[in-house]
Amino acid sequence: MPMKTVTVNLGERSYRIHVGRGLISRVGDELCSLMPPCKTALVTDENVEALYCDALERSLRGAGFEPKRIVLRSGERSKSLATARRLYDEFLGHRLDRKSLVVALGGGVVGDVAGFAAATYMRGIAFVQVPTTLLAQVDSSVGGKVAVNHPLGKNLIGAFHQPIAVFIDVRTLKTLPEREYKSGLAELVKHGLIRDARFFALLEKNVKALKGCKLSFLEQAVAKSVAIKARVVEADERESGLRAILNYGHTIGHAIEAVSRYRGYTHGEAVAIGMACAARIAMNRGMLKEDAVVRQNDLLARIGLPVALRREPTEALIASLYRDKKTIRGRLRFVLLERIGKATIVEGISEEEVVRAIEECRADS
Ligand SMILES: NC(=O)c1ccc[n+]([C@@H]2O[C@H](COP(=O)([O-])OP(=O)(O)OC[C@H]3O[C@@H](n4cnc5c(N)ncnc54)[C@H](O)[C@@H]3O)[C@@H](O)[C@H]2O)c1
Ligand SMILES: [Zn+2]
């Protein structure tokens, strides 16, 4: 079975990300080359359990691992300290020790909370990601950020804990609800926009395959997208600089999510509109050519992602930006494009510039 492999080079924390079709049934065998079979917590959510857990469990058992299935309720509310606490109880009940393993099978919620529990249980044990949403495959499973939410904000309690391997089975995308799938496509396109003009052009040429979830193309596109993120993470593992470019579209995107109270938009939809606004800011500053803005927004729109704001009032969005601490002495900080394939961090964007861009990105403007 052919598969693509991307290595994340982080010294002794290096690991490989495998991308293929039908990989789930091979996870056990592949893991054997990384560690001796051991007691394993297999963490998943109720939707994913019904679809893929049996196959993964069989593969782990076949290779000598002793998996204990732990099923979370699906949804963002499971990304909590209460869930982490439950996971610790389960790990202890199954007698996991410092040489044991945690496997996360599911979307970003499962990956983040299981990863957080793995990072903290006995000061950190081995962790493997088997992401099953497109967002988790191209974004959250790569890079080692793990976290849970606090009532006062998302991802406020977390750690850096790199997995020992990531297994991306693109076949799992076939059962993903279409809106979740498109949400992940926003991050995939983002990776082209910030770092790789050729990848962006490849996506432009293959919109039909992308939209139709054609697995042979996705295998290639997901591997490329993962490789782009991996190179950024290698250069700046703990986000002291460059890694921030991965937040392209997320400044206004997060404001849209907050103002709409995380209802009405998926994360990818909010990020798509955020990228449209950011491109507008860059264009108005003379940093980015209009033709690049058009190409970006066209690709997003052809995929079925929104690039215009509808209802959120500008004042509420701006207030949310300030609350998000993305400011330095009243001036805002943004990731902007210089061209397709090259993003930079720009400090000192004025509120007027942001207001203008937001207004210009309204559906009725
Ligand atoms: N750690 C990071 O670097 C990072 C980066 C980006 C996002 N995140 C986090 O990721 C989370 C969002 O992840 P998500 O979008 O994957 O959400 P999710 O984990 O909630 O999954 C979305 C839904 O899809 C279902 N699902 C998962 N795989 C499926 C499949 N193959 N078929 C059918 N249904 C399936 C899930 O049960 C869930 O209902 C957020 O908490 C976000 O903060 C983390
Ligand atoms: Zn995102």
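Which residue has an N or O atom in its side chain 2.8 Å from a nitrogen atom of ligand 1? Good morning, colleagues; the residue is Thr-175.

Before I continue, a word on the basis of this talk. This is a predicted model, in which local features need pLDDT of at least 70 and side-chain atom pairs count only at pLDDT 80 or more, while totals for chains, interfaces and linings use all residues. Residues are numbered from 1 along each chain as its sequence is written, chains are lettered from A and ligands numbered from 1 in the order in which they are written, and side-chain values use heavy atoms, with hydrogens and water left out.

Let us return to ligand 1. Lys-145 contributes through its backbone, where a polar atom lies 2.8 Å from a nitrogen atom of ligand 1. With Lys-79 the side chain takes part: one of its N or O atoms is 2.9 Å from an oxygen atom of ligand 1. Taken alone, the ligand exposes 870 Å², and the protein buries 86% of that; such accessible areas come from the Shrake-Rupley method with a 1.4 Å probe.

Around ligand 1 there are 26 residues, and those that come nearest are Asp-45, Gly-108, Thr-132, Thr-133 and Thr-175. To be counted as near, a residue needs a heavy atom within 4 Å. Helix H2 gives the largest share of this shell, four residues. Helices and strands here are DSSP runs, of at least four residues for helices (H or I) and at least two for strands (E), numbered from the N terminus.

I now turn to the zinc ion, ligand 2. Which residues coordinate the zinc ion? They are Glu-187 (OE), His-250 (NE2) and His-267 (NE2), at 2.0 to 2.1 Å. Donors are N, O and S atoms within 2.8 Å of the metal (3.2 Å for Na, K and Ca); water is not among the atoms, so sites may look incomplete. Along the chain, the donors follow the spacing E-x62-H-x16-H. Because Glu-187 lies in helix H6 (residues 178-195) and His-267 in helix H11 (residues 267-284), the pair ties together parts that are 80 residues apart in sequence.

Are these two residues buried or exposed? Glu-187 counts as buried, at 0% relative accessibility, whereas His-267 counts as partly exposed, at 24%. Buried means under 20% relative accessible area, exposed means over 50%, and partly exposed lies in between (1.4 Å probe, protein chains only).

How values were computed
Polar contact = N/O pair within 3.5 Å; in protein donor to acceptor, adjacent residues only side chain to side chain.
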